[in-house]
Amino acid sequence: MFTATLYAQGTQAQAGNPLVSIGMMVAIFAIFYFLLIRPQRQQQKKLAQAIANVKKGDKVIIAGGIIAEYFADKDGGRIAVVKLGENTKIEIIKSSISAVVTEEQLNAATTENKKENKKEESNKIKEDLEKAQKEEEKKSE
């Protein structure tokens, strides 16, 4: 009795139009392409172009998050020499450069961090003042 119900449900599910399911798969692929694949490819092309156009003195961010100054190429452009400090130069694989940034971008990031820190500090000060006022009110009562 139970298996007859299952067989009946299975035949109803197969009765749909195959063009609808193919159309749905095409629509899902199109959505993935335009929302995920295409923007990622454009971003990779921009990064590759920025790495190809990097010149001495440009600031680069290495995949590990280290900010360094580009110094020179080595081994036909496959390896880059970057300067970390006054007397510190290291060789990295050029594909490990994750971004080429300008001084303005670096300064903007630090400025935003400073603004956020100031807001957090001022909020903390306000909270501390409110707590102190509440404690004074409780003591005076």
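Which residue in the turn of the β2 and β3 hairpin has a positive phi? The close-up views below answer this and show other details.

**View 1. The β2 and β3 hairpin has Asp75 in its turn.** This is a predicted model, in which local features need pLDDT of at least 70, side-chain atom pairs count only at pLDDT 80 or more, and totals for chains, interfaces and linings use all residues. Residues are numbered from 1 along each chain as its sequence is written, and side-chain values use heavy atoms, with hydrogens and water left out. Asp75 has a positive phi of about 55°. Four residues lie between β2 and β3. Strands are DSSP runs (E, at least two residues), helices are DSSP runs too (H or I, at least four residues), and both are numbered from the N terminus. β2 and strand β3 (residues 79-83) pair in the antiparallel sense, over five bridges. Two strands pair if DSSP finds at least two bridges between them. Asp73 has Ala80 in β3 as its bridge partner.

**View 2. Strands β1 and β2 form a hairpin.** Strand β1 covers residues 59-62 and pairs with β2 in the antiparallel sense. Three bridges join β1 and β2. Lys59 has Glu69 in β2 as its bridge partner. Four residues separate β1 and β2. Gly65 in the turn has a positive phi of about 95°.

**View 3. Lys94 and Asp73 meet in a salt bridge.** A salt bridge is a side-chain nitrogen of Lys or Arg within 4 Å of a carboxyl oxygen of Asp or Glu. By this rule there are three salt bridges. For Lys94 and Asp73, the N to O distance is 3.1 Å. The pair links distant parts of the chain, 21 residues apart. Lys94 is in the loop between β4 (89-93) and β5 (97-101), while Asp73 is in strand β2 (residues 67-74). Lys94 counts as buried because its relative accessibility is 11%. Asp73 is partly exposed, at 40%. Buried means under 20% relative accessible area, exposed means over 50%, and partly exposed is in between (1.4 Å probe, protein chains only).

**View 4. Lys94 has contacts beyond its neighbours in sequence.** Contact means heavy atoms within 4.5 Å. Neighbours within four places in sequence are left aside. Lys94 is then in contact with Ile51, Val54, Tyr70, Asp73, Gly77, Arg78, Ile79 and Ala80.

**View 5. Glu91 and Lys74 meet in a salt bridge.** The N to O distance is 2.3 Å. This pair also links distant parts of the chain: Glu91 is in strand β4, and Lys74 is in strand β2, 17 residues apart. Glu91 counts as partly exposed because its relative accessibility is 46%. Lys74 counts as partly exposed at 37%.

**View 6. Lys55 forms a salt bridge with Asp58.** The closest N and O atoms are 3.8 Å apart. Lys55 counts as exposed, at 53% relative accessibility. Asp58 counts as buried, at 18%.

**View 7. A nonpolar patch lies on the surface.** Ile28, Phe29, Ile31, Phe32, Leu35, Leu36 and Ile37 form this patch. Together they have about 710 Å² of accessible area. Accessible areas come from the Shrake-Rupley method with a 1.4 Å probe; for residues, only the protein chains shown count as cover. Patches are made of residues with over 30% relative accessible area and no salt bridge: like charges are joined within 9 Å, and nonpolar side chains (Val, Leu, Ile, Met, Phe, Trp, Tyr) within 5 Å. Phe32 sits in helix α2 (residues 18-52). Phe32 is partly exposed, with a relative accessible area of 45%.
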